[in-house]
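Trainee: I have a structure on my screen and want to learn how to read it. Where do we begin?

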Amino acid sequence: MAIVRALCAFTAAAALSIPAAASAPGLPGRMTLTGGQRIALGDLRGRVVVINYWASWCVPCRAEIPLLARYYRQHLPQGLVVIGISVDPGANGEGQATATSIPYPQATWVAGADIAVSAVPMSYVIDRHGRVRYEKAAAFTAKSLDAIVGPLLAER
């Protein structure tokens, strides 16, 4: 919960006039997190953002979540933000239980041009300048996270 509060404090301090990140199909423009906090991708400018669509029934998604959680905890001080978005319809009990055990913020509502994703897991990685630098329907591995996100965390 402290992480969500820190993220909210950051977004509250961010200038609301910052334009949103470059759009891509499936990339949300605005989100409401589980605690009720509302954010827009533009609010996260200056951070490296991973948007991860997942589902409770998706075996690769469930395998990827602990990896993303470890990576998030390890790189949060370097400006990493990970936001999970479950595609489970309604209030799926298994999905809700999984979501509550995930340490990074989860979006409960998203708005965008086209938020439908054709496969899960689906991830987008956005650099500190708001540019989409990676999008793929596949689970991350430790090696792929280091190769894709690591260099973006080193950029200023």
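Mentor: We will take the features in turn, each with its general idea. This is a predicted model, in which local features need pLDDT of at least 70 and side-chain atom pairs count only at pLDDT 80 or more, while totals for chains, interfaces and linings use all residues. Residues are numbered from 1 along each chain as its sequence is written, and side-chain values use heavy atoms, leaving out hydrogens and water.

Trainee: Which residues does a disulfide join here?

Mentor: A disulfide is a covalent bond between the sulfur atoms of two cysteines. The test is a pair of cysteine sulfur atoms within 2.5 Å. A search of the whole structure finds one. It joins Cys-58 to Cys-61, with 2.4 Å from S to S. The link of Cys-58 and Cys-61 is right-handed, with 80 degrees about the S-S bond.

Trainee: Are Cys-58 and Cys-61 buried or exposed?

Mentor: Buried means under 20% relative accessible area, exposed means over 50%, and partly exposed is in between (1.4 Å probe, protein chains only). Both Cys-58 and Cys-61 are buried.

Trainee: Why does Ser-56 count as buried?

Mentor: Ser-56 counts as buried because its relative accessible area is 1%. It sits in the loop between strand 3 and helix 2. Helices (H or I, at least four residues) and strands (E, at least two) are DSSP runs, numbered from the N terminus. The Ser-56 side chain also makes a polar contact with the side chain of Asp-88, at 2.9 Å. A polar contact is a pair of N or O atoms within 3.5 Å; within protein, one must be able to donate a hydrogen and the other to accept it, and residues adjacent in sequence count only if both atoms are side-chain atoms.

Trainee: Which residues touch the most other members of the largest nonpolar core?

Mentor: A nonpolar core is a set of buried Ala, Val, Leu, Ile, Met, Phe, Trp, Tyr and Cys residues joined through side-chain atoms within 4.5 Å. The largest has 41 residues, and Met-31, Ile-51, Ile-83 and Val-149 touch the most other members. Helix 2 gives the most to this core, with seven residues.

Trainee: How do I read the length and bend of helix 2?

Mentor: Start with the expected span: 1.5 Å times one less than the number of residues. Helix 2 has 17 residues and reaches 25 Å from its first C-alpha to its last, close to the expected 24 Å. For a bend, take the angle between axes fitted to the seven residues ending at a residue and the seven starting there. Helix 2 has a kink of about 25 degrees at Ile-65, shortly before Pro-66.

Trainee: Where does helix 4 bend?

Mentor: It bends by about 30 degrees at Ile-148, and the proline Pro-151 follows within four residues. Its buried residues are Ser-144, Leu-145, Val-149, Leu-152 and Leu-153.

Trainee: What does Tyr-104 contact?

Mentor: Contact means heavy atoms within 4.5 Å. Leaving aside neighbours within four places in sequence, Tyr-104 contacts Ile-65, Leu-68, Ala-69, Tyr-72, Val-82, Ile-83 and Gly-84. Tyr-104 lies in the loop between helix 3 and strand 5. Tyr-104 is buried, at 1% relative accessibility.

Trainee: Which residues does a cis peptide bond join?

Mentor: Most peptide bonds are trans. Here a cis one joins Val-120 and Pro-121, with omega about 0 degrees. Pro-121 is in the loop between strand 5 and strand 6.
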